[in-house]
Every structure is written in C-alpha cells, then in structure tokens.
Amino acid sequence: MRRSPRPDGPLTTPPRPGNLPHEMNRFVGRAAELGALQRTLESARLVTVTGAGGVGKSRFAAHVAARAPERLRRDGVWRVELASVRQPELVEYTVLEALGLTDHTTRPPRRVLVDHLAERQLVLVVDGFEHLVDACASLVRDLLRAAPGLRVVAVGRRPLSLEGEHLFPLAPLTPEDATELFADRATAQLPGFSLDDGHLVDVLEVCRRLDCLPLAVELAAGRLRALSPTQLMERLDDRFRLLTGGCRDALPRHQTLRTTIGWSHELCTAQERLLWARLSVFAEQFDLEAAEYICSGEGLHADAVLDVLHELLTQSVVIREESPAGVRYRMLDTVRAYGAEWLVQTGDSCRMRRRHRDWYMGLATWCELDWFSPRQNEVAARIDAELPNLRAALEFCLTEPGETHLGQYLAGTLWFYWAGCGRLTEGRHWLERSVDLADPADENEADGALDYGASRLKALWVLGYVAILQGDTVPALAALQECHDEAERGGDATALAYAVHRTGCLALVTDDMPRAERLLRAALTSYREIGELNSNVLMGQVELAMAVAFQGDLAEAVSLCEDVRQVCEDHGERWTMAYALYVLAYAAWHKGDLLRARRLLEECLAIDHEFHDLLGSVLAMELLALITLTEGDAAEAAVLQGAAGGIWPSVGLPLFGSGHYNEPHQLCETRARADLGDARFDELARTGERLAHDEAVARALGRGGHKPATAAVRTARRSTPEKREPAASPTANGGETTG
C-alpha cells in the first residue's frame, strides 16, 4: 500500500496543479456563453474561441476552463500565453515553461511534451496564437493525437484550421451585461458610484457606442475620475463622428476598439502617452525598477515614472499583478500593440529596444553574482519572472548587426539558470545560436566596453557544461576543446580554467576517474591563482570529491565536501551545497552511518527539488532507496527506485551509464529483488514510477521524520525578493546604462 508523507515532514503534496492566476476582479455577464462553452468542451477536444480584439476572449476562456468538469482537469488547467513570443521555434519552450516541465535530456521539446501529456487529463489554454498559427497548429495537432486525455482551448482571432476543431465565436456583451461591467469597474474607481444616480441612460449609451466590447468599456470606466458619464458620452460622440462622417453604423467592431484605445490615448497627458509607447518594449510583465530605467529620459524623468504609471493603472491601460517575484505590471496585447505603433512612429523603437536589452544584461549580470549568496531563491524567482524579457533581449542581440557578442555574453551569463534551475534545453538553444553566429560587425565596432573574445569563450564552456548535463558527450567535448584552444591562444586564464574544469566533469561522468581527478585538481589550482570563487568553483571541488570517493579515498572526499559545506554556509549558497551533501551522504552510507546519511540526503533532496534540479533530485532518491533497504524496508526501497526510474527519462542516460554512479542502484535492486521476489519488486517499482515528481519527493522526504534545516520546498520561490537595480551592463553602443 502506498504510504503518505508524514504530516510534519518538510514537503507536503501540492494542491491541484495548474497555473491559472486568481481573478483579480469580478467576472461579469455571459451566462449563456459560459454554459455553451462548458458543454462544447465536454464533447470536443479542441475548441477555439475567436473574436475581435477586446471582446474578452482570454478572460472568458480561462474562466470556463477553470470550471471544467473534474474528470477533464484531473491534472490541472494550464494556460500558455504566446502574445509576447515572436519566434515559432520558441512556442514549444513556452509551453514547457507554462507546464512547469524540467528536462535535462537532448529530447526535442515536442517529444518531452508528448511524453508528459500522454496519460494525463488536463485542459490546456493556448492564448494569443494568431501570429504563430502554423507552429501552434502543428504542435496542438501532435499533442492531441498523442494525449487522449488532453483538452485544448485555443484563444485567438482566427482558427487553427485543424481537423476536429470546434469554433466558438465570442460576441460582445449584451447592453445589460456591458452596463453591469461598467458599473462594477466604476465602483472600484469611485466607491460611491451608482447607476441609480441618474447615470443609467448615459452609461447605456456609452456602452452601446463602444459596441459593448469589454476592453473598451473598462477603458471608458477608467476615465470616471476625470469625466462624468455624460461627458464620456459627448467626447465619444465627437470622436466617432470625426471618423465616420456622422454615420455611426459604418464603424466595424475592430475599428471601434482601435478608436476607443486611440480616444483613451488622446485623453492622456503627453507624459502618459510617452510612457505608454515606451512600455510597449516589454514582453509581458515588467517591474517598476525596469520601467524607471528603460522608459525615462527625453521628456520623462525617472522620478516621474511612478506617478505616470499610476495614472495609466487608474485608466486600465496598465494592469497590476502579484507574482512570486513581487509586484509586476503588464499591458494587454491590444493596448501594447497600439503603444508599439506609436513608438515606431516616434523613431525611438530601436533605442528603446537597446535600453531594454541593456537593463536585462545588467539584471543577468547581477543575478549571476547574486547566485553565490543567500538570495539564490530570489534570483531564481526573478529570472523565472523575467524570462520573456530575457528572450526578447537575446533575440535582439542575435538579430541586430553588431550585437552578437552581447548575445553570447547574455546566454553564457545565464548559466546558473540553465544548469541550476532545470532550463537546459532552452539554454542550449540560445547558446548554440550565439556561438554559431559570426558577426564581423562585432569586431569592427569593438570599443573596449566588453571583451568580445571572452563572451564567446564563456558561451562555449557553458554550452559544453549544458551538453554534459544532458548526457550529450560528443558536442560537449567539441565545445570545451574549442574553448580550451582559443583561451590558450588568447591567454584567457579564466576561460581556460572553466574549460579544463568542465572537461574534468565530462571525464567524471564517463568513468575516467584518474583523468577526472587530474583535470579537476588543475582547474581548482587555476581558480585559486586567479581568485575565482563562486558556485561553479565549489562544484568543481564537489566533483573532485566524487572522483576520489569512487577511487576509494572517502576521507579526502569528506574533507573536500566539508570544506565546500562551510564555504556555502558562509555565503548562503545552497545549490552547490546540495551536491556536497550528496557526497557526504555517500561516504556516511559506506561507513554504515545510516541516520546521518538519511538526514544529509533529505536536506539535499529538498534543496534540489526547490531549484528544479532533476539530476540532483534523482541521484539523492537513488541513494535514499538503498538506505531505506538497508534500514529493512525493501518494499519502500522498490517504490523509491521506481520513482527514480520515472525521473531518469527527463534527465538523460540513467546514472550517466556510469558503473560508479550505478553502484548504489544495482546493489539496492539486487537485494530488494532477493527480499521481495521479482514480481513483487516490479509491482512496487511500477507504483513508484507512476508517482508525479512532487509526489515522489514528498514520499521520499516523509519517511525519516527529519525536517531539514533549509526551509525546504514550502517556501521555494514564494518569498518576495529584495529588489535591487542591476549593475551597469557592458554594452558596445547606444546603451546609456546606469548603476
């Protein structure tokens, strides 16, 4: 029988999965449409909600999906927002990110998605796909074919044109619902507002003239602090008469929305219009610090940004949202697109994109430094939140002439996120793109702001590191060898040390322990000589400890890892410390100290799970299974081995194909089969394999009754990070960076 985790353990089974945000205000109207879409969703596996911009498709689809029958959403309701994605090849990565999937292998993202969804029952809301219709249609088709329990609600202005697709055209609100929506939003602005105060006729007329489009109605309601409903009606009447020559019926709905947005734009002050245009450079969410830096200057002082932003919030041009990274802001896609058009017309688009890139270069640089600190959780949450903007910055660097070296720098600087937070596949995508580009303009425009060769060398060793973690040894060796040779030729001691280090890591996972020891010792010596100390350097010491432990020198392995543990505790570093705890647990198991080994592994596993580090998690689980067996519980050991077996396909070659790493696994399986018999062992292992990753970790951590000193997973990425502005980023031209 499956055991439940102890109620006082460090991790509890999470609530029903999904990523739909809580609704921030009341959903108004559409009772008939809600019921109709619910019924359609029960019988159709692909429903596409279409309609004009501003008609409320996204909110409506999410509202219905969240209330789908339980049997359709056993594994949650997940929303993928594609409005900010510009490259078709990033669609699959965006879906992976939305589903919270981590994969360390070289499997294509589509294969990872197919394998994950194959036996799950969930609803996937794909929102804003119309500019990526071919890529989305291909992906949705393959997912529906492979996953019989999948329901897809697509949201866009056009169909996907797939077999079996049911179209659900969404009309504007009824006048009654539109009036109720206006009143609801108006009350939020003016608590004393009431339709009973003689406003009903005017509000009805305003809504009618706005074609009862929800976005237009909300924008109009946002003006009530300055205008009465009567004044709203008069100004709208003037605007429409100007556009249509007095023939109101000639105005189509998409023009109504554009007219309403334009009217709202005209009512803004000059500074509000300027900020609106400049905010369009952000991909999805942004925070205040980024807006103050990127959008200030030339007509808008940084100190004024907050006040102007507040006015745009009041007018519903900008939306405020809470996130694990703190308070964030965003604009609806239609509103952002209008601002982007104005930005292009001002001739300021390229400069703003460069400032945007500079800010996120600085953010990545700060986060890399802060990764070696007590703020690792905050760094991870910040990069999670800023990933769409970092993608935009990377794309700018890799497509704009003369910027390739900055793309290499940015892709390499994010090594801690690619390797430490389970983003290997996407990291490799950007790293390979950056090192494959040779931009002559980079060399011609060098001005000393950034060492161009160092940027490429960093991207190369990080690419090698990522490929090692994916178990792709041949490309890893090629990248590391190129980095080594170029660094040696150019006298770059730092890049050379990293190339030697990661080549030693490659030897470690391919069972060449003497070579691994030699290379890792050489790298650590080089690090000391150049004064390098960070999570990577400490990881090299842990890898050396593993190499000597596999060769029988447990005493030196323990000494090396205790030293790492102390340095990590001094600096508040936890990601590398988890691997040191694993080696210490391995040594404790060899010495027969099972209690110490279990405590070390439980702390190790909690940290690894917190950072979505599948490799660290599965290694800890494999060793926990052996310890559980040695404690006398063969049945639970079989379940844990099965759970580890279910994780390995997302990591790569099980235990790297290494005889040394495989030793605990093989010993556990042999003894457990002897105790249980093959049939019973296989049955229990299948039970473990069926556990979701969170459930497997909860089960592993629930047995020992020990609560790790780390706050474990409960608080992972949920604390609001301390906000610090990025340091100035190294730029070559036009960047206007600040501290």
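**Exercise 1.** State which residues lie nearest the centre of the second largest pocket, and which helix gives the most to its lining.

*Solution.* Step 1: the pocket is lined by 22 residues, and Glu368, Lys458, Thr494, Tyr498 and Glu532 lie nearest its centre. On a 1 Å grid over the protein atoms alone, a pocket is an open set of points where a 1.4 Å probe fits, with protein on both sides within 12 Å along at least five of seven lines; lining residues have an atom within 4 Å of a point.

Step 2: helix 15 (349-370), helix 21 (452-469), helix 23 (493-509) and helix 25 (535-550) each give two or more residues to this lining. Helices here are DSSP runs of H or I with at least four residues, and strands are E runs of at least two, numbered from the N terminus.

Step 3: helix 21 gives the most, with five residues.

The model is predicted: local features need pLDDT of at least 70 and side-chain atom pairs pLDDT 80 or more, while totals for chains, interfaces and linings use all residues. Residues are numbered from 1 along each chain as its sequence is written, and side-chain values use heavy atoms, without hydrogens and water.

**Exercise 2.** Decide whether Glu321 is buried or exposed, and find the partner of its side chain.

*Solution.* Step 1: Glu321 is in strand 6 (residues 319-323).

Step 2: its relative accessible area is 17%. Buried means under 20%, exposed over 50%, and partly exposed in between (1.4 Å probe, protein chains only), so Glu321 is buried.

Step 3: the Glu321 side chain makes a polar contact with the side chain of Gln285 at 2.5 Å. Such a contact is a pair of N or O atoms within 3.5 Å; within protein, one must be able to donate a hydrogen and the other to accept it, and residues adjacent in sequence count only if both atoms are side-chain atoms.
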